Amino acid sequence: MRLSYCCVRSVAEALAPYARVDKRTGRVCVDAQTGRCEWWTDDEDKDKQEQRTPPPVWCGGDASCPTVYTAEPSQTTVESANDGKTAAYHMHLYLQTIDWRPTGIAQLFVQKWLIAYFSKQELYGYRIPNHQSSVSRPLLPGFRTAIDDVDLSVRMCGLRFLNPFGLASAPPTTSAAMIRRAFRAGWAFAVTKTFGLDKDLVTNVSPRIVGLGGHGVGGGSAASGIGPGTIGAGDPDVARSAFLNIELISEKTAAYWLRSIRELKRDFPKHILIASIMCAYIESDWTLLAKLACDAGADALELNLSCPHGMGESGMGLACGQDPVLVENISRWVKRAAVRHPSDGGAPIAVPVFTKITPNVTDVVAIARAAVRLGGADGVTAVNTVSALGPLDVTNNGGRPWPGVGKTTADTPRTTYGGMSGTAVRPMGLRAVSALSRALGPDVAAGGDGGPPVQIMATGGVDSAASTLQYLYCGAKVVQVCSAVQNQDFTVVQDYITGLKALLYMNGMGGDKRREKQSCPTPALVKDSIDLSDDYDIISTTVSIADQKGSKPMFGPYLRNKRREQASGAAADMANMIQGTKTNGVGQTPELVITVSEPEEINDELVPAPAETPVEMVVGRSLKSVGTYKSLDNRAQVVALVNEDSCINCGKCYMACNDSGYQAISMDPKSHIVHVQPDSCTGCTLCLTVCPIAGCISMVEKTVPHVVNRGLGRRQQVSTYACPNDGGYIDQQRFSDEQKDYGSPAVATQ
């Protein structure tokens, strides 16, 4: 850490009996690679001291000085922090490789003879002669909390998943080696790249993948004419991890995948491996491929009936998945053949079958019902990629597409409709999963068919623990990921695991009392104290105009005046506190101080273990909140409320409401203060959406009559909970007269 000179001197004096202190700098001499202090004999004459075995003492930051002449002491906070991390790491290595049985760990720092004891028995490489370490190799320490104990396992169709995160049938599962690395990284399951029979082998074109966000379009070589650098049509606001591809199914043979399935299940018996298969509408082909995959050891089958490009032209993929009759028949064929025969001659084992449905249909429920209720499939995967067209060149080359296939010297390369994936399709995926859960479920009152809940593997825009929990709330039990991995690597799953554990823990692990204890109010975001006075040249008359209106913006002289008022108020509060009276400000009554008792502690040992895992407990939690438009209550009207302390007077809400909304926000042309007119605000939430400051705009219950402009000068009062009425029409002339009598509408600010 960064220390003052006095602190550095104090540290050096404290370590002087056991460490060498550099006479020139006054710092403790340490090893440049480990941060471990050098140790010298206790001879009074420092020049006669001899170097001894380094002590179990480490030092870093300003107080340390590397003994290597080429190494420089820490000069910045970053370097000091790095020294501390280095020292902590080597301290842990030391603690893991010594024998603590002769003495206790606490005695290391309180007894000098213990230091001497270790100095005789341990070597510089953190090894003790004739001592067998308790670990084969040093391990980094783990910081464990109750969040780490949250169980992410989930059961579905007789299978137990270690966690709900898996790889979709996509480029991340192109080979067995990639799936192997994914399992080691922490993924609980993987769906193989879709494969078929040898007669249906494919060869991919190139290029075939394009990024739709800022990370994709804009790169490449414009000089060569190859790559998105020649497009000039990328929109970074489309999505940060959205892709479009025209890649086909696996180019590898079925024999390769069957052997890979056997090897992966042998090496990772606790992980779930799902075989993705595809054939034309031929019963014998589906039956043969399903039997081969099951006998190879696949835990489940996924029927790819939804590939939106290429394969449909061969009578496969989307060509089958858009017809409920074909989906029903294929699901029935495969389910009948999806049986694994154990090698020991035991009873046959039914293998679950999931039908991967497409979003490129009018009604996904009809497709899923044909697969599950009529065809007998165990579940569905929702949804595959959305059919889309990649960007086109808008600068030159006559609308050259990307990805464009063909020689650059020839005519304009050609492209085709591909599949869009990533965060751009997440709303479609959430819509499909929630619709399937509601329609194919036991709750008849909510629109279900009265049957058992449909088992769903969700895919489409999963890039965080939060997006995963959204899919779980909509009824899915596990999620499949592709684009997020393409945008980074397999290690993202560790972030997802940690994040989901934290979200589940905060959302009710341990009961309502624990949730009440851990939930904290989120304060509104208030601007920092950066002085912008010099950046604005505003005359004093503008300040007085704004002051007369009772509101003050947050820039220029307005900001200076407001700070003076805040400083005066703080000084008054401090004076009152010294005198024994606490107030909320100048001229206000004393604040009533209320003592709140601590929440009751909960004994975790007395809480019975739930029959369901935490993941299973949240599945479908939001379905009761999703329904038809007619089920929405139009009496619960809200209005925008602006927090003056957070508003930066940027005017985005005013511009959006004026040109894309209902002209319910006005803005002072000089002070840039915005006013929301509750009579005109319809609660559309556009202003909140475009506001760059979190918490600056909130939606509150509308307490004035809700008047709807029906056009042609007719206005109708709509009954709300706050202002019930008969819903009669208001004459336009009378409404204008009322405005003149009562003045301008109230300002919705706080």
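## Aromatic pairs

The count comes to seven aromatic pairs, where rings of Phe, Tyr and Trp (its six-membered ring) pair if their centres lie within 6.5 Å. The model is predicted: local features need pLDDT of at least 70 and side-chain atom pairs pLDDT 80 or more, while totals for chains, interfaces and linings use all residues. Residues are numbered from 1 along each chain as its sequence is written, and side-chain values use heavy atoms, with hydrogens and water left out.

F195 and W257 form a stacked pair, 6.2 Å centre to centre with 15° between the planes; stacked denotes planes under 30 degrees apart. F195 belongs to the loop between strand 8 (189–191) and strand 9 (209–211), and W257 to helix 5 (residues 254–267), 62 residues apart. Helices (H or I, at least four residues) and strands (E, at least two) are DSSP runs, numbered from the N terminus. Both F195 and W257 are buried, that is, under 20% relative accessible area with a 1.4 Å probe, protein chains only. Ring pairs also link F165, W187 and Y496 into a cluster.

## Charges over rings

The charged end of K252 sits over the ring of Y256, 5.6 Å from its centre. R714 lies over the face of Y729, at 4.0 Å from the ring centre. The criterion is NZ of Lys or CZ of Arg within 6 Å of the ring centre and within 35 degrees of the ring normal.

## Helix 13

Y496 is among the buried residues of helix 13, including also V492, I497 and L500. Helix 13 (residues 492–506) has 15 residues and is followed by G508, whose phi is positive, near 135°.

Technical notes: Expected span 1.5 Å × (residues − 1). Buried < 20%, exposed > 50% of the residue type's maximum accessible area, 1.4 Å probe, protein only. Phe/Tyr/Trp six-rings, centres within 6.5 Å; stacked < 30°, edge-to-face > 60°.
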